[in-house]
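User: I'm new to reading protein structures, so please take me through this one step by step. I'll ask as we go.

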Amino acid sequence: MATSTYVERLVNLLDPEQNIFLNCTAEDAADALASGDPERVRAIDGQFALVHKDGQTVRMARSIGRPMRYFLAKRAEGPCLVIAERIDEIQSFLESEGLADQFHPSYTRMVPAHHVTELELVGCPDPKPSYTRYFDPDQGTLPADLDALGEAYVGTLADECNKWLDRIDDDAPIGVLFSGGIDSGSIFLVLRHLLLERGEAPTRLKAFTLSVEGGSDVEQAHAFLDELGLSMFLEVVETEKEQVDFREAIRVTEDYKPLDVQAATMTLALCRGIRDRYPDWTYLVDGDGGDENLKDYPIDENPELTIRSVLNNQMLYQEGWGVDALKHSDTYSGGQSRGHVRSYAPARHFGFEGFSPYCLPNVIEVAENIPFVELTDWEPEKLYELKGEIVQRGVKAVTGQEMPTFEKTRFQHGAVDDNGFDELFPESEQTYRQAFAEIHE
């Protein structure tokens, strides 16, 4: 009598070319994940999404800088695990295999950043993933010296940017998504400083600023660069309101969270404008992650948060409430681990290679070690002032330049005129959710 053979299957649709390794080869990174040792995975520096299969055991690990999702399909001969960057890639594969009836977007899972996710490819019932943290920084261990903190934070940022410059062509143009705010401003000044130090032409650098029929960012970007005598680096990308559609951003990011969709909408408009002007441009750098690192969000806008929850919970803004929390979503991971698609997906959509140095674990680790409680004494206003103080001092220490700072404005507000935001974006979150649901109707 013939015996049936149990065959589990792994389908990895991730593009390995999208990984950015700053201190090792792709083979080294794969070996680290294969070992199952979280310390070896933590040693990988860069933006990555990795998969390894050992028998029926599959391990997955990613940094914030690259999304990663999976779906477990049932087959008579055994389970099939599909891993991809996007939900629609999973859907297309299942359709090609005649498994479309099993698909629903809510059945896909996002791998949480900073964890090794392990899954056993066994039959019914569905296996439950296990999570092992590979990035576990201490909190508040550095001295409460603003100059030293700035130098450590921006110094680490500069080290990471230098490693990135090592891996790209030394004459390739580099675009910074630039609003003149603290994060994009510091990225621009650090990159320019590094290019000069390396003896490379700083003219390969360009600061791209979006204007949707106006907006305060253009004025702020001009003021920032004019003050430093660097206005020749600025290029304003202008677009019409009719070309800006939040529904397109929902399709590209495959998410419906209003703030992230709004930011992605503007990033799409900026990336489209850059691509239209420069068909061969490759590298874009952004300041995403700077707000999360230095906890610079208005706490009173979120009824779930208090100053104590923000300062007491490790990497709350980067990871949300955590994989073991009641509010942890199966379909999405939390915090910026989920929300970083607002930057990554638009750049990828238009064929750019994006780099987000503030999202790298080495930079986040310094930020987590800042003694926020001692420096703020639990006062939100002191917390909001801290980011500018630390980054400005750090930029001075690293580049020698006095970085201008301005009042914080979200990208989606600064890129459009005062009345334009309400014209472009609905007020109700339900409208965003409905637009997302319509994609898969």
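Predicted model: local features only at pLDDT ≥ 70, side-chain atom pairs only at ≥ 80, totals over all residues.

User: Okay, then which glycine comes just after helix 13, and what is its phi?

Analyst: Step just past the end of helix 13 and you land on glycine 351. Its phi is positive, at about 80 degrees.

User: Why is helix 13 described as largely enclosed?

Analyst: Buried means under 20% relative accessible area. Helix 13 covers residues 341-349, and among its buried residues are Arg342, Tyr344 and Pro346. It is largely enclosed by the rest of the structure because the buried ones make up 7 of its 9 residues.

User: Which helices do those buried residues pack against?

Analyst: Picture the buried side of helix 13, with Val341, Ser343, Ala345 and Ala347 among its residues. The partners of these buried residues are helix 7, helix 8, helix 9 (290-293) and helix 12 (335-339).

User: Where is glutamate 254, and what is its relative accessible area?

Analyst: Look in the loop between helix 7 (246-253) and helix 8 (258-277). Glutamate 254 has a positive phi of about 55 degrees there, though it isn't a glycine. It counts as buried, with a relative accessible area of 4%.

User: And methionine 315: buried or exposed?

Analyst: Methionine 315 sits in the loop between helix 10 (307-312) and helix 11 (316-319). Its phi is positive too, near 45 degrees, in a residue other than glycine. Its relative accessible area is 0%, so methionine 315 is buried.

User: On to strands: which residue is the bridge partner of arginine 59?

Analyst: Start with strand 5 (residues 57-62), which runs antiparallel to strand 9 (residues 115-120), with 5 bridges joining them. In strand 9, the partner of arginine 59 is glutamate 118.

User: Which residue of strand 10 stands opposite histidine 115?

Analyst: Strand 9 also pairs with strand 10 (residues 130-133), antiparallel and over 4 bridges. Opposite histidine 115 you find arginine 133.

User: Last one: which strand gives the largest share of the second largest pocket's lining?

Analyst: That pocket has a volume of about 420 Å³. It is lined by 17 residues, and those closest to its centre are Tyr70, Arg109, Asp126, Pro127 and Pro129. By class, the lining has 9 nonpolar, 2 polar and 6 charged residues. The largest share, 3 residues, comes from strand 6 (residues 69-73).

Note on methods: Residues numbered from 1 in each chain as written. Heavy atoms only, no water. 1 Å grid on protein atoms, 1.4 Å probe; cavity = no way out; pocket = protein on both sides within 12 Å on 5 of 7 lines; lining within 4 Å. Points joined across faces, edges and corners; volume = space filled by probe spheres on them. Helix = DSSP H or I, 4+ residues; strand = E, 2+ residues; numbered from the N terminus. Nonpolar A, V, L, I, M, F, W, Y, C, P; charged D, E, K, R; others polar. Pairing = 2+ DSSP bridges. Buried < 20%, exposed > 50% of the residue type's maximum accessible area, 1.4 Å probe, protein only. Contact = heavy atoms within 4.5 Å.
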